[in-house]
Amino acid sequence: MSDWHGISPSPYSTGLAGRCPRCGEGQLFDGFLKVRPRCSACGLDFKFADSADGPAVFIMLIAGFVVLGLALYVEIAYEPPIWLHLVMWLPLAVIVCLALLRPMKGLAVALQYANKAEEGRLKK
Ligand SMILES: [Zn+2]
């Protein structure tokens, strides 16, 4: 349709920032990871937002890859004792996961919104 740009702002910028995918103003989250029932700015219903465990799988893969890579590097470069590995990497893995969880979930919700918004339109 003529207002194709109705689905801007970009799902990437709104999703990663945890904002409403339609208006980019309202907050998507209520608390750390709970999705609000609707946008406080434009009233968009967030019921469609069911990202399930999709983002968590990505995050574990990314975090696992990053932490494992760092651990291997440190092992080769410094050969620290095993307890030092555990003390360093376990908290880091948790921090990396938590840091990624919210933006990734926001992104998943925003992309879901963008895809559904497209389905309702005429083909490009
Ligand atoms: Zn909104």
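This is a predicted model: local features need pLDDT of at least 70, side-chain atom pairs count only at pLDDT 80 or more; totals for chains, interfaces and linings use all residues.
Where is the place of Arg 36? Arg 36 sits in the loop between helix H1, residues 11-17, and helix H2.

Arg 36 is partly exposed, because its relative accessible area is 26%, while buried means under 20% and exposed means over 50%. Setting aside neighbours within four places in sequence, the residues in contact with Arg 36 are Gln 27, Leu 28, Phe 29, Asp 30 and Phe 46. Phe 46 is 10 residues away from Arg 36 in sequence, and the two C-alpha atoms are 6.7 Å apart in space.

The overall plan of the chain comes next. The protein chain has 3 helices and 0 strands, and along the sequence the pattern reads α-α-α. Helix H1 covers residues 11-17, helix H2 covers residues 54-78, and helix H3 covers residues 82-119. The chain has 124 residues, of which 27% count as buried. Its accessible surface comes to about 8,100 Å², and carbon and sulfur atoms account for 67% of that area. Among contacts in the chain with a separation of 6 or more, 51% are between residues 24 or more positions apart.

The model also contains a zinc ion, which is held by protein donors. These donors are the SG atoms of Cys 20, Cys 23, Cys 39 and Cys 42, at 2.2 to 2.3 Å from the zinc ion. Along the chain, the donors follow the spacing C-x2-C-x15-C-x2-C. What is the geometry of the site of the zinc ion? The site is tetrahedral, with angles of 106 to 113° among the 4 donor atoms. Cys 23, with 24% relative accessibility, counts as partly exposed.

Cys 20 also leads back to helix H1. Thr 14 lies in helix H1 and touches Cys 20, along with Pro 9, Arg 19, Pro 21, Gly 24 and Ala 110, when residues up to four places away in sequence are not counted. Thr 14 is buried, because its relative accessible area is 4%.

Salt bridges are the next feature to follow. How many salt bridges does a search of the whole structure find? The search finds 3. One of the salt bridges joins the side chains of Lys 34 and Asp 30, with an N to O distance of 3.6 Å. Lys 34 is exposed, because its relative accessible area is 52%. Asp 30 has a relative accessible area of 35%, so this residue is partly exposed.

Asp 45 takes part in a salt bridge with Arg 38, where the closest N and O atoms are 3.8 Å apart. Asp 45 also forms a salt bridge with Lys 47, with the closest N and O atoms 3.0 Å apart. As for accessibility, Arg 38 is partly exposed at 46%, and Asp 45 is partly exposed at 26%. Lys 47 has a relative accessible area of 70%, so this residue is exposed.

Leu 61 lies in helix H2 and belongs to a nonpolar surface patch of about 820 Å². The patch is made by Val 57, Phe 58, Met 60, Leu 61, Ile 62, Phe 65, Val 66 and Leu 70. Is Leu 61 buried or exposed? Leu 61 is exposed, because its relative accessible area is 58%.

Apart from neighbours within four places in sequence, His 85 is in contact with Ala 71, Val 74, Glu 75, Pro 80 and Leu 90.

Methods: Residues are numbered from 1 along each chain as its sequence is written. Side-chain values use heavy atoms; hydrogens and water are left out. Patches are made of residues with over 30% relative accessible area and no salt bridge: like charges are joined within 9 Å, nonpolar side chains (Val, Leu, Ile, Met, Phe, Trp, Tyr) within 5 Å. Accessible areas come from the Shrake-Rupley method with a 1.4 Å probe; for residues, only the protein chains shown count as cover. A salt bridge is a side-chain nitrogen of Lys or Arg within 4 Å of a carboxyl oxygen of Asp or Glu. Helices (H or I, at least four residues) and strands (E, at least two) are DSSP runs, numbered from the N terminus. Buried means under 20% relative accessible area, exposed over 50%, partly exposed in between (1.4 Å probe, protein chains only). Donors are N, O and S atoms within 2.8 Å of the metal (3.2 Å for Na, K and Ca); water is not among the atoms, so sites may look incomplete. Four donors count as tetrahedral if all angles lie between 85 and 135 degrees; four count as square planar and six as octahedral if opposite donors are over 155 degrees apart and all others between 65 and 115; anything else is irregular. Contact means heavy atoms within 4.5 Å.
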